[in-house]
Amino acid sequence: MIRVDNIKKTFPGANSPAVDQVTFNVNEGNICVFVGPSGCGKTTILRMINRLIEPDQGDIFINGKDVLEMNPATLRRTIGYVIQQIGLLPHRTIEANVALVPGLLKWPRDKTRQRVLELLEMVGLRPGEVGHKYPHQLSGGQMQRVGVARALAADPPIMLMDEPFGAVDPIVRIRLQDEFLRLQQTFKKTICFVTHDINEAIKMGDYLVIVNQGRIVQMGTPIEVLTSPADDFVLRLLGDDRGVKILDLTRSGSLMESFQAPPKTSAGINGCIVQAIQPVKIALEMMMKNNSDQVGVCSGDKIVGILTWNSIKAHINRVSGDGP
Amino acid sequence: MNFDMDIFMDALWRLSPGYLTEHLQLVIIPMAIAILISLPAGIIITRPGYRRHSGRVMAFFNAGQTIPPLAVIAIFFPFLGLGYGPAILALTIYALLPIARNTIAAIHSVPEDVKEAAMGMGMTPREVLFSVELPLSVPAIMTGIKTSAVLTVSTAVLAALVGGKGMGAVIFSGINFFRPELILAGTIYIGIMAIVIERMISVIEWMIVPAHIR
């Protein structure tokens, strides 16, 4: 869907390139998260995809088409763009802000209006309540929702999101993340997502691209990165709770000992039960609550196996024991 | 110097009103030319290609504002002579500065994130200018026009010194003939004109600027 091939960018007056030798692909329907410290070049990479910044060298293709040969304004109307500061137009109402791209694309008025109402509803806002307000009358969380609605307005297949939930408080951030992931399940947009928060990256990403000093240091699925960090930088970025993070991404069902035949009684499990699809972290929580070193694993309401403390410990040692 | 009420009333009701239209011309013509020049100039200087020069242009405009208008007239006097034309020219140059300065400052103060989002949504640079930068700059631009208009009303008094007439003729007669009645009468009209023009521009501003960015 998006193919970036060996791009490089040096800003005027800078000694070293902001982005160098960056190559990656983003598959259709995936969320690809660029994560790294401030100033590592992740935002520059994102902004080169919609040509807010022009690369010095290298190629960027979207669906096989070279974006550097497209008209920038036309290109950008097909790519949703969400930034941390949101950048709503302060002199336009919320409805008018969301209607921005449909307006540029000269959609008929009725179609635009219907789409705007539908989108506001979709991102969890009441159109009747906020539609006629101006941006400064909204809370930070509401504005961020409007920012997402605006980016989705013309139903672009691709979204670029630059720390979209960075400016809101942690509780609202988690809610926005969850809601966005839920929307994404139906939308299946191809998304490039920039964050400096590794937890957000692991939560949101189908695929992680870890960037440091303008270069990609590691790419892979969250579990691949967590279980085999490429170097000390990645290890430090992942934090001291790498093992626990792995347990958050591992399903209980994958570590359980399956029962050959369903047991007659649930003796020894005592209602201490998790679903097979729930993360091992939840199983651990259950063990602590019940002061037990094993939990039953269910699929639906049928017990299918048992997960023990020892098998969790063995798993952690196996995948993260000594790092790189 | 004693104050003669009869002369004052005569100056206030009979003499000065005749100079009102002249004086208004000395305000409106330079203002119109100044707006026509400095608005586009201010916009051009804030476009990306020229933006790096805008600091120097602002410094030039600020320096221009410190030159007394009489000095501007003196500079052009050898080329244009005395009279109405040089007075208009000097007043125009003087009126340019606050408008240009405020236009540049206003466009510069449009938040970077708003412009980035507008560009990122697919607005062309032209659309960003006309739908984002200018609407958000209107209040500050109008302030510049107001400052400039009020300044021109009072500076236009000096036009009388180079034969440009206007309310200055009344005031300077008063000075030359030691008649405070004429000075006061002329000054009252200048004051009223300044206030009325300021209010009029405020009304226009109120009509064209949306409530929430005022």
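Author: Two strands are said to pair if DSSP finds at least two bridges between them, and strands themselves (E, at least two residues), like helices (H or I, at least four residues), are DSSP runs numbered from the N terminus. This is a predicted model, in which local features need pLDDT of at least 70, side-chain atom pairs count only at pLDDT 80 or more, and totals for chains, interfaces and linings use all residues. Residues are numbered from 1 along each chain as its sequence is written, while chains are lettered from A and ligands numbered from 1 in the order in which they are written.

Reader: In what order do the 6 strands of the open sheet in chain A stand?

Author: As a general idea, in a regular strand the side chains alternate between the two faces of the sheet. Here the order is β6-β7-β8-β3-β9-β10 of chain A, with mixed pairing. Because β6 and β10 of chain A stand at the edges with a single partner strand each, one side of each is left without a neighbour in the sheet. On average, neighbouring strands of this sheet are turned by 15° against each other, direction ignored.

Reader: Which strands run parallel, and which run antiparallel?

Author: Strand β7 (residues 158–162) of chain A runs parallel to strand β8 (residues 190–195) of chain A, and 5 bridges join them; in this pair A:Ile158 stands opposite A:Thr190 in β8(A). Strand β9 (residues 207–212) of chain A and strand β10 (residues 215–220) of chain A, by contrast, run antiparallel and are joined by 5 bridges, with A:Val211 opposite A:Ile216 in β10(A). The hairpin of β9(A) and β10(A) has 2 residues between the strands, and in it A:Gln213 takes a positive phi near 45°.

Reader: Which helix lies across β6 and β7 of chain A?

Author: Helix α7 (residues 140–152) of chain A lies across both strands and runs at about 165° to β6(A). Axes are lines fitted to C-alpha atoms, for helices over the stretch in contact, and angles run from 0 to 180 degrees between N-to-C directions.

Reader: At what angle do helix α12 and helix α14 of chain A pack?

Author: Two packed helices are described by the angle between their axes and the distance between the axes. Helix α12 (residues 242–249) of chain A and helix α14 (residues 280–290) of chain A pack at about 105°, with axes 5 Å apart, which makes α12(A) roughly perpendicular to α14(A). Angles under 35 degrees count as roughly parallel, over 145 as roughly antiparallel, 65 to 115 as roughly perpendicular and the rest as oblique. Residues are in contact if their C-beta atoms, placed from the backbone, lie within 7 Å; here A:Val244, A:Leu247 and A:Asp248 of α12(A) meet A:Val280, A:Lys281 and A:Leu284 of α14(A).

Reader: How many residues does each chain give to the contact between chain A and chain B?

Author: Chain A gives 17 residues and chain B gives 17 residues. On the side of chain A, the elements that give two or more residues are α2 (72–77), β6 (79–83) and α4 (100–104).

Methods. Contact = placed C-beta atoms within 7 Å.
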